[in-house]
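Visitor: Please take one part of this model and look at it closely. I would like the aromatic side chains, and then whatever surrounds them.

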Amino acid sequence: MRKLRTIEMQRLTVDEFHEAKKLPLIVVLDDVRSLHNVGSVFRSSDAFRVEAVYLCGITATPPHPEIHKTALGGEDSVDWRYFPTATEAVAELQKEGVFVYSIEQVEGSTKLQNLSLDTDRRYAVVFGNEVKGVHQEVVDLADGCLEIPQFGTKHSLNVSVTAGIVIWEVAKQFIASKYRTKSKNLLQNKN
């Protein structure tokens, strides 16, 4: 195997990214204090062509050199909005018919491996502060809560790591659905 050169990867330009179909997912950051975490979430959101990132409360907004350091331009490709609170962002999303999950350890949470998405819907996932997590009032507003099972001595993952895992799981389900639809269409066309 040979590593691909960047030119061989046929990446989208920022303009092409803006025009391309997006994963129907909005990432909401609820009082995320680390600019490196914010940048990392933008980078992961770019990688999976997420619809938008909503930055709430104390979460910093672009342009900022510390966000750019880890986003590497993802903050320019991915659409973003700022809200004074995550509750305002969640209320607006729900008004638009978006199903909102808080990513938090709560009673009755859905373990990530048990997540089953309706790929005809739009979703949002809310990630919380590095110390306090998602605000309780946001958890209360959410349509559901997702939790990544953990088996070590620590009780949490870094917010940017968590975001990457959750975004990938959502993307994986939409990719699998698209493949199933294409396969079904091919089979129907053969008959």
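Guide: Ring pairs join Phe99, Tyr101, Tyr123 and Phe174 into a cluster. Rings of Phe, Tyr and Trp (its six-membered ring) count as a pair if their centres lie within 6.5 Å; planes under 30 degrees apart are stacked, over 60 edge-to-face, and the rest tilted. This is a predicted model, in which local features need pLDDT of at least 70 and side-chain atom pairs count only at pLDDT 80 or more, while totals for chains, interfaces and linings use all residues. Residues are numbered from 1 along each chain as its sequence is written, and side-chain values use heavy atoms, with hydrogens and water left out.

Over the whole structure, 6 aromatic pairs are found. One of them is tyrosine 54 with phenylalanine 83: the ring centres are 5.0 Å apart and the planes stand at 40°, so this pair is tilted. Tyrosine 54 belongs to strand S2 (residues 50-56) and phenylalanine 83 to strand S3 (residues 79-83), so the contact ties together parts that are 29 residues apart in sequence. Helices (H or I, at least four residues) and strands (E, at least two) are DSSP runs, numbered from the N terminus. Tyrosine 54 is buried at a relative accessible area of 6%, and phenylalanine 83 is buried at 5%. Buried means under 20% relative accessible area, exposed over 50%, and partly exposed in between (1.4 Å probe, protein chains only).

Another pair is that of tyrosine 123 and phenylalanine 174, with ring centres 6.5 Å apart and planes at 75°, so it is edge-to-face. Here tyrosine 123 is in strand S6 (residues 123-127) and phenylalanine 174 in helix H7 (residues 159-190), so the pair ties together parts 51 residues apart in sequence. Tyrosine 123 counts as buried at 5% relative accessibility; phenylalanine 174 also counts as buried, at 12%.

A pocket is an open set of points on a 1 Å grid over the protein atoms alone, where a 1.4 Å probe fits, with protein on both sides within 12 Å along at least five of seven lines; lining residues have an atom within 4 Å of a point. The lining has 28 residues, of which Phe17, Asp46, Ala47, Phe48 and Arg49 lie nearest the pocket centre. Helix H1 (14-19), strand S1 (23-30), helix H2 (35-47) and helix H4 (74-77) are among the elements that each supply at least two lining residues.

Cysteine 56 falls within strand S2 (residues 50-56) and is buried, with a relative accessible area of 0%. Cysteine 56 is in no disulfide, as the nearest cysteine sulfur, in cysteine 145, is 16 Å away. The structure holds 0 disulfides, a disulfide being a pair of cysteine sulfur atoms within 2.5 Å. Cysteine 145 counts as buried at 11% relative accessibility.
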